[in-house]
Structure formats: structure tokens, C-alpha cells
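Visitor: I would like to learn how to read a few features of a model. Please give the general idea each time, then the case at hand.

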Amino acid sequence: SMTTAAALSTDLTAAQWQERATALVAEGRFIEAKDACIEMLRAWGNTRGPDFFQALITTITAHGRVGDFGAALGFLEEAERRAANDADQFICLKFNGNCQLGLGDFERAMASFQAAWRLAVSMGDVPRQASVLNNIGIIHREFDDPASAISHFSRARDLGPPDSLGGRIARYNLGATLLDTGAVDAAMTEFEWVLADSRRHRDILHEGLVLHGLGELAESGGDSDAARAHFAAAETLLTESGDSRARLQVDIERAEKLARREETREGAIARIARAVTEATSLGGRILIKALGTQVEILTCAGRIEEALSASRRHAQLEKENHQQDSRGRLGSLRVLHELDSLKHEAEIARLKNEDLARALAEADRQRERAERSNAFTKGVLAMAAHDLRNPIGSVEGILELLSHETDPVERAELTSLALDQIHVTQELLNRLMDSVLVQRGEMRLRCEALDLVSLATSTVRAHTSAATRKGQHIVLKPAEHPVMVDGDAVRLRQVLENLLSNAIKYSPPGAVVTVTAETCTGHFATVCVTDEGPGVPRGDRDRIFEPFSRLDGIQTTGGEGSIGLGLHLARELTLAHHGTLTVQPGPERGSTFVLQLPLKPNAIA
């Protein structure tokens, strides 16, 4: 059997990597497939051809199947740029809709599926039309619009090949929605067809789903014995199918229905508690959905303290999940940025005329700068739109609980949680918007004479508490006299804050962070920030200032988050002040970041 992608030979060609990645996806080994896909993209390097689009689609599939929708969307943007025909565009729209559906952004998912539907109609592709109609029906069901859902599922059933997985899916969804509306006979017709077809094709997943639906039909008809038999058979088949998420989704929906009736509400509480326990081993959005349902059921039952506890866990997981989506999206952007750099270097290497090479390199640099700026802005704004939704949603949920809470201590704790989420939102938005302005060259400086020693002193003071929480100590060694420069105090403070925050993040507990501020050679002001972290390898000392850059194997020492833009923003702001920002090995260990700025004319030496 295949080993993991990390252990495979790195001498494989792009085509060989693609073959391996495709095989891993087909076997359902999606985590290994993710690694193989990244190696596949790197193997394409600067020789990307028409097959590169399919390589991206394989990569998107692998990331999407493990719930890494942020990374999938990042690679999808590159696939959209390389779509060569209507069929390629349809694939991109369908994947985008599926990713947005996985993220819970139903409005964006609906827009993508509707665009895919229009394209499928213009292509005259009936199977694709049926597939998209089924997706649109699912969103209408999520929007609690059963009439529209039934209409779309019915059209998908009538258009699609009847003897196919797509046909079974459409008819099962139709039956489940009909059951929700009380159309028992019509639901039974669809379920019986799907049950027979599933058994004919040995599709135990859909057989189990249908048996669960038949159990609900029997229960609604008062036949408790038949209901119990169907539910037991369904649970056995869903377990044998190996699709844990599908089985948990059934449990969650079952708990929701039981909670609607007071006489079965205690059973709903027990069922959703079991679902949360089982979902904990899977994590991701199925656990978030289970916890969200648990909060609703406990609140409905008047068990506010338990609902509050579940809500806190739900909010924390929402925060962690959107951070994971952001990291995945930034990771995909880093890989694509790396590939663009390889392509650029290879093109320049092939140029034999040095003068022509310089001219073409400059033209190429300007073109790529514009393309990267547009892609960077688009990626950052999309990420901001996604990342802001989760903390805002958390605040909304906290405020809902706050409206029911009477205990002053609990109200104060909930208020603090809401304020924390608001601060996260503000910090993220400010960092992303500054990065966009710098990338576009639109950052405007308000320069004035300022003392770099005073600025460094106040910045150190502001970060003392953060260092203290990690058991660290900041040592400031300022010059004995003012060190005057022409600069924008707000932006230079951002530079120093990024350097100091970076030193605290990557230094271990008990470390000493040293900050010096002085003049150098009579022409430059210098601020050095020295940490006791893992250090920066020689080959990575320029790369760490690139956007979205992180060093492999190097993690923050306190679990702090990072979007990979701090050092990039610090260097760009330094360059805007006609200065330099470099990194050197520390005197004993760690790293020293050296900021140099021109001294103000006639400054005290």
C-alpha cells in the first residue's frame, strides 16, 4: 500500500505526483492526498501546462473533503483564472458553491450554484443541471423554504439519470423534505424507490438514511415497534458505511425533531449529548453544529446554565475553526506565490542578453506586482469577509444568552466574552486593511520630527504585560539623548509593535527580549530587537518578510495566532520611510531584527 505523501520520493515528476494524488483521493485517503497535492503543484514549477487546471481541481477536492475549505477556496481562485472553457468554469462554480456550503455561507453558495445552473443550461448539459438543482434544493431546505426545496429536488429527480447515485440523492432529499411537510404518502413513494435502488447497488449509506426516514414515518403513524426496528437497522447500516458525519447529521436532526415536543424533549437532550460526545473525536463543523443544536435544545428546555456552558465551548470552537480556515487560505496563497516566484526565476534564467533580461525582468516585475496586488487584495478581502463573520456571529449568540441572564457575575463574564470578540474583529480588520494599502502603494505617511528613543520606550511599556504573562522580561537599552528622525509616529509604532510582538511570540517562557535604540555612524538611527527564539536560517532571512510567510516547523511558544503579514507590513512601512529592516543571528541564540532610519538633519549625534 501507499505510504504517506511526506515519505514519497521528491524526485517524482508532476504527472507522477498527480497520479498518486488522484489515487489517494479515490481511496478516500484525503489527508495523505493533501500532502501529495502540494508536492504535485511544486513539481509543476515553471512548466505548468493545460493539465495544471486538473491538478488544481484534485488539490481542491482533497482539501475540501477534509473540511479545509479556506485552503480549497485559495486554490480555487487560481483554478478560476485558468478555466479554459465553459466546462472548466462550471467545475469552479460548483466547487465554490460546495465550499461556501461547507462554511455555512448559504447566500454565497446559492449565488455560485445559480451561476452554475445558468451555465449548465447554456451548455445543454442535463446531468449537470440536475446536479446543481439538487444543491439549490439543499440550500432552500436550510432556509426553511420546503416548497422551493421540493420543487428543485423534483426537477433534479426528473432531469437526472434515474439509475445513478445522483438520482438516489435527489429522491432521498425529496422524500426527507416531503416528510418534514407531513406529506407522508408522497415521502413513502420516494423512500421506497431509493431503498430498492440502494439495495440493488449495495449503497448502504442511502439505505440507512432511507430506513431512518421510514422510522420517522412509522413513528408519526403511531407504530412504535416498526419505528424502533427501522431506527435500529438504520443505525447499523450508517455505522457500517463508515460515514461518521452522515450518521451524526442524522442524530442531530433527530434530536432537533424530538425537542419540538415537550414529552420527548428529555430524549432530545440525551441524544444531542451523545452526538456531541461522538462528534468531539471528529472535530470541525460537525462538532460545531452539534454544539449549536445542543445550545438551542437546552435553552428551549430552560436549562440555562448548561446552555451557557455549551455556548462557551461553541464560541471557542467557532473561533478556532475560522482561524484554521484563515491559516488554510493563507497556506494556499503561499504555495501559489511560491510557484509564481519559481516561474519568474526560470523565465529570467533563460534570457541570455543581460540588457534584455533586465528590461524584461522589470516589465515582468511590474506586471506580476499588479497581478499579485490584485490577487492579494481579493484574497485578503475575501478572508476578511469570512473571518469577520465568525466573531460577529459569536457576539450575536452571546448577546442572545445575555438577554436571558439575570446573574450579575454571568452577565459580566458574557459581556467580557463579547468585548474580546469585538477586539479580535477590530485588530484583524486593521491589520488586513493596512496590508492592502501597503500592497497597493496607497499608504500615506504624516511625517514629523520625533524621538525614536521615546517611541521605543512607550512601545516597550505597552508590551510589558504580554511578556509578563509568559514569564518573559523586556530589557530596554536606550541612548542617553534623543534620537530624532522624520517619520509617521503611528506607522513607526506599528513597525516596533510588530517586531516586539514577534519576539514575545517566538521566545520561550523565561526569556529576555532586548531592545536598543541609538545612533549609528552619525547618519542613521537604529533600533534592535533581540529575542531568544529558534532563530532564522540564513536561507530564510529574506523570505520571512514576504506576505503570508511562515517557517516550516517553527511555532509560537504560547499558541498565539498569526496571519503571516506582520513582518511584511513592518518592512514595507520601513521602506516607505527610506529605511531598512533586516534580521541577523542573535549574539548567543535567537534573532536580532535591525531597524535603521535616516537621522533628521542637524539631529543630536
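Visitor: Is Glu263 buried or exposed?

Guide: Buried means under 20% relative accessible area, exposed over 50%, and partly exposed in between, with a 1.4 Å probe and protein chains only. Glu263 has 63% relative accessibility, so Glu263 counts as exposed. This is a predicted model, in which local features need pLDDT of at least 70 and side-chain atom pairs count only at pLDDT 80 or more, while totals for chains, interfaces and linings use all residues. Residues are numbered from 1 along each chain as its sequence is written, and side-chain values use heavy atoms, with hydrogens and water left out.

Visitor: With which residue does Glu263 form a salt bridge?

Guide: A salt bridge is a side-chain nitrogen of Lys or Arg within 4 Å of a carboxyl oxygen of Asp or Glu. For Glu263 the partner is Arg261, and their closest N and O atoms are 3.6 Å apart. Arg261 is partly exposed, at a relative accessible area of 36%.

Visitor: How many salt bridges does that rule give?

Guide: The count comes to 27. One of them joins Arg108 to Asp105, where the closest N and O atoms are 3.5 Å apart. Asp105 is buried, with a relative accessible area of 11%, whereas Arg108 is partly exposed at 37%.

Visitor: Where do Arg42 and Glu39 lie?

Guide: Helices (H or I, at least four residues) and strands (E, at least two) are DSSP runs, numbered from the N terminus. Arg42 and Glu39 both belong to helix H2 (residues 30-44), three residues apart, which is about one turn of the helix. They form a salt bridge whose closest N and O atoms are 3.8 Å apart. Arg42 is partly exposed at 33% relative accessibility, and Glu39 is partly exposed as well, at 26%.

Visitor: Which residues are linked in a network of salt bridges?

Guide: Arg141, Asp180, Glu216 and Lys257 are linked in this way.

Visitor: Arg141 is also in H7, in contact with H8. At roughly what angle do the axes of H7 and H8 cross?

Guide: Axes are lines fitted to C-alpha atoms, for helices over the stretch in contact, and angles run from 0 to 180 degrees between N-to-C directions. The axes of H7 (residues 126-142) and H8 (residues 146-159) cross at roughly 160 degrees and come within 8 Å. Angles under 35 degrees count as roughly parallel, over 145 as roughly antiparallel, 65 to 115 as roughly perpendicular and the rest as oblique. H7 and H8 are therefore roughly antiparallel to each other.

Visitor: Which residues of H7 and H8 meet?

Guide: Contact means heavy atoms within 4.5 Å. On the H7 side the residues include Leu133, Ile136, His140 and Arg141, and on the H8 side they include His152, Phe153 and Arg155. The residues of this contact divide into nine nonpolar, six polar and two charged. Here Ala, Val, Leu, Ile, Met, Phe, Trp, Tyr, Cys and Pro count as nonpolar, Asp, Glu, Lys and Arg as charged, and the others, Gly among them, as polar.

Visitor: How do H1 and H3 cross?

Guide: The axes of H1 (residues 14-26) and H3 (residues 51-65) come within 10 Å and cross at roughly 35 degrees. Gln18, Ala21, Thr22 and Val25 in H1 meet residues of H3, among them Asp51, Gln54 and Thr58.

Visitor: How many helices and strands does the chain have?

Guide: The chain has 21 helices and seven strands. Of its 605 residues, 47% count as buried.
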